[in-house]
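Dear colleague,

I am passing on a structure that you have not worked with before, and below it you will find my notes on what was found in it. Please read them with the structure open beside you.

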Amino acid sequence: MDAQVQLSQQVQTQTIQVPELPDMESKSPEDVLKWALDTYGKKVGLSCSFGPEDVVLVDMLAKITKKPKIFTLDTGRLNPETYDVMDAVRQKYNIKIDVMFPKTPTIQKMVKAKGLNLFYDSIENRKMCCQVRKIEPLNRALSKLNAWVTGLRRQQSVTRTTMKKVEWDESHKIVKINPLIDWTREQVWDYIKKNNIPYNKLHDAGYPSIGCAPCTRAIKPGEDERAGRWWWENPETKECGLHADPTKLAKAVQPAQT
Ligand code: SF4
């Protein structure tokens, strides 16, 4: 059995007691982050893809603590502009960033079986690529934490409308903290401009949401802000698995054959 599928099944079968979580819906993002740091200390980390929401959270965290725990997933298919903002943020805040890479043997096996651009062929292939390049590295990062912080907002997607500021992440069996969940896109950009935060320059070229280069395109005026992500798929399938139900994902992901 493929190592990624085994890992996914292990995550699903763990029995972990769900902690009682406070209702933080009326709290500011900074208060939510302070609560997270007070509660989880070094066991809480920001999952940062250097999108606009993520750089806002880096700025907020850096104003609360000198050593925020921040990790990112380098899928190997990112745009050069994403690496630029990664280094710009690192230098501005003088912080360390853990870069998580996929496992080389698994990538090689998948590419040998399906090709480099397998994601265009089917949703199953796309989810397999996300599993290998994003989800397995994410699971590795989360296995060392008790809580993770994300830059999710309810307005971003139909799949995110019911998320809370602090919630139990059944997929990964840890606490998930979404301090900006009720923010608008305008609030995010106002904060970026006011605080002079580095951001991905592709946002100035019509890319409101940026993922891997081959799976992201600029959007047209009036389109949904995530319309440029996996644009060939229906909105309901547009999660890479980082924030999706793993039981649904596991059905879609088949092990790569040599
Ligand atoms: S976004 Fe595209 S290239 Fe990136 S991991 Fe998913 S399918 Fe692969």
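**The ligand and its surroundings**

Around the ligand there are 13 residues, and of these C129, C130, R133, C212 and C215 come nearest. Sorted by class, the residues of this shell are seven nonpolar, two polar and four charged. Please keep in mind throughout that this is a predicted model.

**The sheet**

Six strands form an open sheet, in which the pairing is mixed and the order is β3-β2-β1-β4-β6-β5. At its edges stand β3, covering 98-100, and β5, covering 166-169, each of which pairs on one side only. If direction is ignored, neighbouring strands of this sheet are turned against each other by 30 degrees on average.

Two of the pairings can be described in more detail. Strand β1 (residues 44-47) runs parallel to strand β2 (residues 70-73), and two bridges join the pair; within this pairing, L46 has I70 of β2 as its bridge partner. By contrast, β5 and strand β6 (residues 174-177) are antiparallel and are joined by four bridges, with E167 standing opposite K176 in β6. The hairpin of β5 and β6 has four residues between the strands, and in this hairpin K173 takes a positive phi near 60 degrees.

**The helix pairs**

In the pair of helix α2 (residues 29-40) and α3, the axes lie 10 Å apart and the helices pack at an angle of about 55 degrees, which makes α2 oblique to α3. Their crossing is right-handed. On the side of α2 the contact is made by P29, E30, L33, K34 and L37, while α3 contributes M60, L61 and I64. By class, this contact of α2 with α3 consists of six nonpolar and two charged residues, with no polar ones.

Helix α3 (residues 52-64) also meets helix α7 (residues 185-194), where the axes come within 9 Å and cross at roughly 50 degrees; α3 and α7 are therefore oblique to each other. The crossing of α3 and α7 is left-handed. Here the residues in contact are P52, E53, V55 and V56 from α3, together with V188, W189, Y191 and I192 from α7. The classes in this contact of α3 with α7 are seven nonpolar residues, no polar residues and one charged residue.

The remaining pair to report is helix α5 (residues 104-114) with helix α6 (residues 123-142), whose axes come within 10 Å and cross at roughly 160 degrees. Because an angle over 145 degrees counts as roughly antiparallel, α5 and α6 are described as roughly antiparallel to each other. In passing α6, α5 makes a left-handed crossing. The contact involves T106, I107, M110 and K114 on α5, and N125, M128, C129 and V132 on α6. By class, the contact of α5 with α6 has five nonpolar residues, two polar residues and one charged residue.

Note on methods
Residues are numbered from 1 along each chain as its sequence is written. This is a predicted model: local features need pLDDT of at least 70, side-chain atom pairs count only at pLDDT 80 or more; totals for chains, interfaces and linings use all residues. Axes are lines fitted to C-alpha atoms, for helices over the stretch in contact, and angles run from 0 to 180 degrees between N-to-C directions. Angles under 35 degrees count as roughly parallel, over 145 as roughly antiparallel, 65 to 115 as roughly perpendicular and the rest as oblique. A crossing is left-handed if the near helix is turned anticlockwise from the far one by less than a right angle, and right-handed if clockwise. Two residues are in contact if their C-beta atoms, placed from the backbone, lie within 7 Å. Ala, Val, Leu, Ile, Met, Phe, Trp, Tyr, Cys and Pro count as nonpolar, Asp, Glu, Lys and Arg as charged, and the others, Gly among them, as polar. Two strands pair if DSSP finds at least two bridges between them. A residue is near a molecule or strand if its C-beta atom, placed from the backbone, lies within 6 Å of it.
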